[in-house]
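Student: I have a model open and want to learn how to read it. Can you take me through a few features?

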Amino acid sequence: MKVAFLGTGLMGLPMAQKLLEARVQLIAYNRTPEKLEPLKQMGAEVAEKPYQAINAADCVILMLTNAAAIYSVLLSDRSSQAVAGKSVIQMGTITPTESREIRDAVVAAGGEYLEAPVLGSIPEAEAGNLIVMVGAHQEQYQRYLELLKHFSLEPILVGSVGTAAALKLALNQLIASLTAGFALSLSFVQRYGIDEDLFMYILRQSALYAPTFDKKLPRMLDSNYANPNFPTKHLMKDTDFFIEEAKAAGLNVNSIEGVRKILEMAMKMSFAHEDYSSIFSVIKSSEN
């Protein structure tokens, strides 16, 4: 099987590298050609145009920013002609509605479609320890299980197309809400002069503890948000996706809309390209 990998950004690059390490034949495309150089050095073919990569492969993996990018790269006139007879695996974060619409477009073009969004960041991608959630028919899941195992020890079949996309948004909502909640509590104990180590000692012993708190604590204490695995702008995008879908499902979204306002402030404070733990600086600022 030859795989076309479209989108080699923060997550796409280490995921594509895992395939090359496993000696999977790979042809890669990225709209910024310079980002393909590490893959080229590892033996990947590179394509100047997305349709060239699609034409050359049996299976297409998408790790693109959003649905608009997918339509541009995969379903433009020339690329959509190349989709016929191909299997498309969408692994980025989009809404369930968008995923089903893209599936319909791929099927109309003569291809097949499954979704397999991932939970985790660059270290997990490099180690092949991402959580892969699959929205597909059982037969598709079984057919592509070995390929997906290059990214995860145990890819999980969630259900039909749309269900895995929904689960990914539910989990990313927790990223935003947990981080905002932790940042607020940390700011609060600091205001009262309580030792941060004591706060963390008690928190770690409680049912309230989540490992992400310890991962983000050093960044918050040092106000060091550089070299992000997950930039604020991406969490903002996913939060907007969640709110849109949750509203459509008839849910009360007041809590996450409050978090969204904090993310929006972080964007205005020039933290868009910084780690999302930068919301700590928004929360502790008295000028909000």
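This is a predicted model: local features need pLDDT of at least 70, side-chain atom pairs count only at pLDDT 80 or more; totals for chains, interfaces and linings use all residues.

Student: Is Thr93 buried or exposed?

Tutor: Buried means under 20% relative accessible area, exposed over 50%, and partly exposed in between (1.4 Å probe, protein chains only). Thr93 has 10%, so it counts as buried. Thr93 sits in the loop between β5 (87-90) and α6 (96-108); helices (H or I, at least four residues) and strands (E, at least two) are DSSP runs, numbered from the N terminus.

Student: Which residues does Thr93 contact, leaving aside neighbours within four places in sequence?

Tutor: Contact means heavy atoms within 4.5 Å. For Thr93, the partners are Thr65, Lys168, Leu169, Asn172, Lys237, Asp238 and Phe241.

Student: What does the UniProt record list for residues 2-152?

Tutor: UniProt positions are in the numbering used here, feature names are shortened, and annotations may be inferred rather than shown by experiment. The unreviewed entry gives "domain: 6-phosphogluconate dehydrogenase NADP-binding" for residues 2-152. That stretch is 44% helix and 21% strand, with its end C-alpha atoms 19 Å apart.

Student: Where is Ile194?

Tutor: Ile194 lies in the loop between α9 (163-191) and α10. Its relative accessible area is 39%, so Ile194 is partly exposed.

Key. Residues are numbered from 1 along each chain as its sequence is written. Side-chain values use heavy atoms; hydrogens and water are left out.
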